[in-house]
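Hello,

Here is the structure for you to look over. My notes follow below it.

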2 protein chains.
Amino acid sequence: MTTLIFGHQNPDTDAVISAMTFAEYQRQLGNTDVEAVALGELNDETKFALDALKLDTPRVVNTVANETDTVMLVDHNEFQQSVADIKDVTIAAVVDHHRIANFTTAAPLFYRAEPIGSTNSVLFNMFKERGFEITPTLAGMMASGLISDTLLLKSPTTTDRDREIFAELKQIADIDLEAFGLNMLKAGTNLAAKTDKELIDGDAKSFEMAGKSVRIGQVNTVDLDEIYARQAELTQAMTDEAKADGYDLFLLVATDILNSNSVGFAVGSDQDKLEAAFNQKFDGNQRLNLPGVVSRKKQVVPQLTAAFEA
Amino acid sequence: MTTLIFGHQNPDTDAVISAMTFAEYQRQLGNTDVEAVALGELNDETKFALDALKLDTPRVVNTVANETDTVMLVDHNEFQQSVADIKDVTIAAVVDHHRIANFTTAAPLFYRAEPIGSTNSVLFNMFKERGFEITPTLAGMMASGLISDTLLLKSPTTTDRDREIFAELKQIADIDLEAFGLNMLKAGTNLAAKTDKELIDGDAKSFEMAGKSVRIGQVNTVDLDEIYARQAELTQAMTDEAKADGYDLFLLVATDILNSNSVGFAVGSDQDKLEAAFNQKFDGNQRLNLPGVVSRKKQVVPQLTAAFEA
């Protein structure tokens, strides 16, 4: 039975492409019966990257137990971010760079996580450790995930190791990774073409914090005014979705990727926790200024978790 | 502040020595302010190993938040097996070879697990990947953990990789690892010198299975009759402890390390789950034959977890 490898729901570029990178790693280990799939439609940024690298789009699946008994996770571990029937299959391996929570297995497994900028960065280290070849295409794939997650090394999630890795990837790739990266990020911020629901769902993840269900979405933009103009419609869509899906709190973080700042919008309970987490007050327009915040993982989730658990 | 590194409560040889091995790894990484400690008194097997390798006994601690804000875990991850105040400190790293359960962090971390015979085997791989030197003493330390957890490569948890590692360690060590290993295992089975409470507590770990608290102890012996002669006293001690500490089920696995068989004794609820898990019935002496079972991790915990969740 083919082992399926996939990143989180609402897949971003690192989630989609790290599955493909890890599939290649498994093949080089001699484990050839693997397939990288995605838990949802690809976003415009990821499509741009696959197109530029001349790679096929992975198959989208909604369940896995109907076709396999063994899976490998990349770029996530929390079950609520994974495939719906994750509890019905054996998780043989995880490669990730997030916190660990709501994850459990019955048996020992391979687990590799590092607190660095992208799952593709972790995979780069694994290729190096084994002495596996990194082809120009693989270098482009790894760089796509790294560029996406670190906003071209600008996010505070960027570590010295990520900078070293990017420098090595630039030597291997046969395209200009800086120009490619900027175009890829821009391709992902075409907000006008997206519905309100697409914007709030696009990159959203669910977290459990002190027993509450917290949904956190993030939208990257080069112009926050575009978001402000749609604020009423976006928060209405968030209210509807929170009600339908049982989220206690829904936070949307709009990030200006050129100036490295964010603004938060929220619906639901516990908005005081948000103000406490970031030591900011919602202004008269119901906007929470988040100066310097660009990383949900490093600058939003830990702070909000701490505020909920305080 | 010194980062403390430790294995699980009721430490066995791999737990104690993998903390020391990982401390050495951290030092080689340049992270010199680390100390390996143990969450309990060392057993006779571990004392034998440290003595033979001319190593100091690590300090025993019961809490950590009073002296540090950062810890690293080896050979375990489940919080109920860790230090009592684990939730009050930041877990910077985990190196392990067990299932993952009841483990959660607020922030990304370094996590390395492999489904192989010992945590020291995983650490051997990490030393090799970095090109760090493995001295004869380090080889003896790594071998101690590997030999203890795999019963000198006889346990079914032993993988081909463990056999390769042991062969490499034999080349490096300046003592005869086969003879050392046999003497070390024998040193750990001096049951006559132990009280009933020491026997049932010695290597016991707690597990959560379908909401129930399950305690599983394991005693190695070269003569099961020694255990049978004390069965009534042992099960009484288990009953007392289950009541005092709130265990729903307490299973003691007595393992004949020469013949690679075990016998189980149990007190508490859900004993039908035990019979279902191993497809065996308790006999007239209230003994559950477990033919071929030597590994709690691979041959007891997953099967019993599955039976509880069925």
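**Salt bridges**

Glu168(B) and Lys128(B) form a salt bridge, with the closest N and O atoms 3.0 Å apart. A salt bridge here is a side-chain nitrogen of Lys or Arg within 4 Å of a carboxyl oxygen of Asp or Glu. This pair links distant parts of the chain: Glu168(B) is in helix 5 (residues 160–172) of chain B and Lys128(B) is in helix 3 of chain B, 40 residues apart. Helices (H or I, at least four residues) and strands (E, at least two) are DSSP runs, numbered from the N terminus. Glu168(B) is partly exposed, with a relative accessible area of 30%. Lys128(B) is also partly exposed, at 42%. For these terms, buried means under 20% relative accessible area, exposed means over 50%, and partly exposed lies in between (1.4 Å probe, protein chains only).

Before the rest, a word on the source. This is a predicted model, in which local features need pLDDT of at least 70 and side-chain atom pairs count only at pLDDT 80 or more, while totals for chains, interfaces and linings use all residues. Residues are numbered from 1 along each chain as its sequence is written, chains are lettered from A and ligands numbered from 1 in the order in which they are written, and side-chain values use heavy atoms, with hydrogens and water left out.

A search of the whole structure finds 34 salt bridges over all chains. One of them pairs Glu129(A) with Arg112(A). Their closest N and O atoms are 2.8 Å apart. Glu129(A) sits in helix 3 (residues 119–130) of chain A, and Arg112(A) in strand 6 (residues 110–113) of chain A. They are 17 residues apart. Glu129(A) is partly exposed at 28% relative accessibility, whereas Arg112(A) is buried at 3%.

Lys212(B) forms a salt bridge with Asp270(B), the closest N and O atoms being 2.9 Å apart. Lys212(B) is in strand 8 (residues 212–221) of chain B and Asp270(B) is in the loop between strand 10 (261–268) and helix 10 (271–278) of chain B, so the pair ties together parts 58 residues apart in sequence. Lys212(B) is partly exposed, at 29%. Asp270(B) is buried, at 13%.

In chain A, a network of salt bridges links Glu35(A), Arg59(A) and Glu67(A).

Asp256(A) is in strand 9 (residues 249–256) of chain A. It is buried yet has no salt bridge. The nearest side chain of opposite charge, Lys154(A), is 7.9 Å away. (Lys and Arg count as positive and Asp and Glu as negative; His and the chain ends are not counted.) What does the side chain of Asp256(A) join through a polar contact? Its partner is the side chain of Asn259(A), at 2.8 Å. A polar contact is a pair of N or O atoms within 3.5 Å; within protein, one must be able to donate a hydrogen and the other to accept it, and residues adjacent in sequence count only if both atoms are side-chain atoms. Not counting residues up to four places away in sequence, Asp256(A) also touches Thr221(A), Leu224(A) and Asn261(A). Contact means heavy atoms within 4.5 Å.

**Helix packing**

Helix 3 (residues 119–130) and helix 4 (residues 136–150) of chain B pack at an angle of about 145°. Their axes are 8 Å apart. Axes are lines fitted to C-alpha atoms, for helices over the stretch in contact, and angles run from 0 to 180 degrees between N-to-C directions. Helix 3 of chain B brings Asn120(B), Ser121(B), Leu123(B), Phe124(B) and Phe127(B). Helix 4 of chain B meets them with Leu138(B), Met141(B), Met142(B), Gly145(B) and Leu146(B). By class, this contact has seven nonpolar, three polar and no charged residues. Ala, Val, Leu, Ile, Met, Phe, Trp, Tyr, Cys and Pro count as nonpolar, Asp, Glu, Lys and Arg as charged, and the others, Gly among them, as polar.

**Positive phi**

Leu151(A) has a phi near 50°, a positive value in a residue other than glycine. Leu151(A) lies in the loop between helix 4 (136–150) and helix 5 (160–172) of chain A and is buried, at 7%. Ala210(A) is not a glycine either, and its phi is positive, about 50°. Ala210(A) is in the loop between strand 7 (205–209) and strand 8 (212–221) of chain A and is partly exposed, at 49%.

Regards

Definitions and conventions:
Lys, Arg positive; Asp, Glu negative; His and termini not counted.
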